[in-house]
Amino acid sequence: MTIDSDLLLDLYRDMWVIRSFEFGLEREFKRGNVPGMLHTGLGQEAVQAAIARNLRHTDAFFPDHRCHGLLVLAGTPGEKIMAELFGKATGICSGKGGSLHSADPKVGNFGDNAIEGSMMATALGVGLGFQLQSRDDLAAVIVGDGTSGRGEWHESLNLAATWKLPVLYCCINNGYAISTAVGASHATENLYEFALAYKMPAVQVDGNDIVAAYQTTREAVESIRNGNGPYFVEYKTWRWQGIFSGEFRPPEEIRYWKEEHEPIKMARETILDQGIADEASLDKIKAEVDAEVENWIRFALESPPPDPAKATANVYVGWEVETQ
Amino acid sequence: MTTTKRMSMVQALNSALDIMLNENDKVFLLGEDIGHMGGDFGVTRGLFKKYGAERVRDTPLSEAAIIGTAIGAAMVGMRPVPEIMFADFLGTCYDQIVNNGAKMHYMFDGQFKSPIVIRTAAGGGFGGGPHHSQSVEGWFMNVPGLVIVGPANPYDAKGLLITSIEDDNPILFLEHKALYRKKAEVPLDKYTIPLRKAAIVRQGADVTVVASMKMVDEALAAAVELEADGVSVEVVDLRTLRPWDQETVLESVARTGRAVVANEAPKMGGLGADVSATISEELFSKLKAPVLRVAGLDAPIPFSLPLEKIILPDKDDIKQAVQRTLDY
């Protein structure tokens, strides 16, 4: 599979936006500047970049908890996402959502639901809404492998297939739900097999191969836009982060995914092999992105905390809660 | 002059849905057997034929997907009215209601709304057993962002349902099964009844009974009997159970100086606990007696009718509680 040279360079940049964002975020988290919990998208840059490039602003997407960089690629200014993760007034949700709940309807970001997998059900409604409104937009729901144990996961696939809803299922299979291997807790390690049983097109792709991930996503999106109903893509990948910060996976597995089958390294080799760009220009892309991310971090650090009135704002539509 | 018709609560609810489906093409219904069958209790009867399968949707037994679908559709501008056949089944979609629908407007700081109206059949008294009889408002009292409505008569049922569908908040709309066949004169045209506004359904001077849903009828029956004994009972129908109308309740109890709070759900941690605690907090110095609660016992609801009668509160329990506040 091949793709246009300029597109490949764009995707390379996108992937580095994700990595650089997460590197910076992890650093600030360790410094105590980012409250709460942190789940990074490190190692999953190719699949996230592939999904982001295939969506448009009138689509809806539900990100998962490792999609910080993807939220920026979708079109929200990076500083607004960064500030949200720092819990600041300037964040996209005024600091009320944080890493797990950053939504921005202007770019189609319908927000993560930290009861992971619950948005499998919500995506049905967005898809149904689009269908009833005769729009050719789609609802993309990004979920990890662990969510396939949830009832809503299966309820969603069944109903989307029954009602032929425009839903793109992006199942990011990184091998583990926290510490439990997919195969140890599911009837199959290949989750697309579940989707096949629900009578929809379902494929598995190497989620660390940016070209394959992009092309597969594109085919899925085109099929949905052509009115063929839902489509399921399982992206096989691997996350760098262990259990929160600890590591439990075998050394050989770690070496394979972080050194050999590493998405940005693979993309870089493809670009160099095909003579699309040289080392210096790829390094320049990285440096530009890194500088931009540092600006976002500075913005977040310097931003004020939210107005105390925000603590009780927007609980209900149309009236305020009592504050005494 | 507005034309009225004597109709049951089922027919009044059906009329509300008919009006809203007809008036607003964003409104659609979904749920189990609500389509050509017209719902377990007939609330959606005839609507499938009139508005079609797209807007009156039969679903599989996937309650979480029903509510998730409603929320997602609401996020893109639709006005879904999902039905959960029995309130007891809300446990299977609790997460969608509590963590998704009710919190969305807040956690995304106003960028999304979730205007859904979840209709469901609640309450006992007919031998439905442990899984078809419960009053579930207590399960949801502790959920910021959620509105709970529970009408006590056909007129309110229609007006409150129309208002709920037009409101921008997620609403749990409880329909007491024992009231479904209750009849009253109901206008055929559209009308609304405000949310968060209780109604004084009987005026009195000695004791205020704050009731909801079926307990309103029980309270009114108790009031008639107590009147023969020379006791004047005021009855307040909450209508919106969460957030409930403190102003009306407190104004009434401030006048009478005595309060009984009647609710069918178990006493512990229920609606009655919140209402009575608030009355005590706000009106301590004006109270002539402790605020008493009439509620279900701390037990599941058994199948056998004589046993069920022991668990659920009724008119006689309310009469006794009123008498206790007078005897204090």
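A:Glu45 and A:Arg19 form a salt bridge, with the closest N and O atoms 2.9 Å apart. This pair links distant parts of the chain. A:Glu45 belongs to helix α2 (residues 45-53) of chain A, and A:Arg19 to helix α1 (residues 5-30) of chain A. The two residues are 26 residues apart. Both A:Glu45 and A:Arg19 are buried. The model is predicted.

Over all chains, a search of the whole structure finds 42 salt bridges. Side chains of opposite charge can pair when their charged atoms come close. One of the pairs joins A:Glu152 to A:Arg150, where the closest N and O atoms are 2.2 Å apart. A:Glu152 counts as buried, at 5% relative accessibility. A:Arg150 is partly exposed, with a relative accessible area of 23%.

B:Glu175 pairs with B:Arg119, the closest N and O atoms being 2.6 Å apart. B:Glu175 is buried, its relative accessible area being 0%. B:Arg119 is buried as well, at 2%. In chain A, salt bridges that share partners join six residues into one network: A:Arg56, A:Asp59, A:Arg135, A:Asp136, A:Asp137 and A:Arg225.

The two chains meet at an interface. The size of an interface is often given as the accessible area lost when the parts come together. Chain A and chain B bury about 3600 Å² between them. Of this area, 60% is on carbon and sulfur atoms. In chain A, 46 residues are in contact with 42 residues of chain B. The count of salt bridges between chain A and chain B is 2. One salt bridge pairs B:Asp109 with A:Lys310, and its closest N and O atoms are 2.7 Å apart. Polar contacts across the interface of chain A and chain B amount to 21 residue pairs. Helices α5 and α6 (151-163) of chain A each supply at least two residues of the side of chain A that touches chain B. The most comes from α5(A), which gives 10 residues to that side.

A:Asp112 has contacts in both chains. This residue lies in the loop between α4 (78-85) and α5 (119-132) of chain A. A:Asp112 is buried yet has no salt bridge. The nearest side chain of opposite charge is that of A:Arg150, 9.7 Å away. A salt bridge requires a nitrogen and a carboxyl oxygen within 4 Å. Residues up to four places away in sequence aside, A:Asp112 touches A:Pro63, A:Asp64, A:His65, A:Leu100, A:His101 and A:Met119 in chain A. In chain B, A:Asp112 touches B:Met107 and B:Phe108.

A:Tyr231 is placed in strand β7 of chain A. A:Tyr231 is buried, with a relative accessible area of 11%. Apart from neighbours within four places in sequence, A:Tyr231 is in contact with residues including A:Val167, A:Leu168, A:Tyr169, A:Met200 and A:Pro201. The C-alpha atoms of A:Tyr231 and A:Val47 are separated by 16 Å, and the two residues are 184 residues apart along the chain.

A:Thr237 lies in the loop between β7 (231-236) and α10 (251-260) of chain A. A:Thr237 is buried, at 3% relative accessible area. A polar atom of the A:Thr237 side chain lies 3.2 Å from the backbone oxygen of A:Gly43. Beyond its neighbours within four places in sequence, A:Thr237 is in contact with residues among them A:Gln44, A:Val47, A:Ile172, A:Asn208 and A:Trp257.

Cysteines were also examined. The search finds 0 disulfides over all chains. The sulfur of A:Cys93 is 15 Å from the closest cysteine sulfur, in A:Cys67, which is too far for a bond. A:Cys93 counts as buried, at 0% relative accessibility. A:Cys171 is in no disulfide either. For A:Cys171, the nearest cysteine sulfur is that of A:Cys170, 9.2 Å away. A:Cys171 counts as buried, at 1% relative accessibility.

Key:
Residues numbered from 1 in each chain as written. Chains lettered and ligands numbered in written order. Predicted model: local features only at pLDDT ≥ 70, side-chain atom pairs only at ≥ 80, totals over all residues. Heavy atoms only, no water. Disulfide = S-S within 2.5 Å. Buried < 20%, exposed > 50% of the residue type's maximum accessible area, 1.4 Å probe, protein only. Helix = DSSP H or I, 4+ residues; strand = E, 2+ residues; numbered from the N terminus. Lys, Arg positive; Asp, Glu negative; His and termini not counted. Contact = heavy atoms within 4.5 Å. Buried area = accessible area lost by both parts, 1.4 Å probe. Polar contact = N/O pair within 3.5 Å; in protein donor to acceptor, adjacent residues only side chain to side chain.
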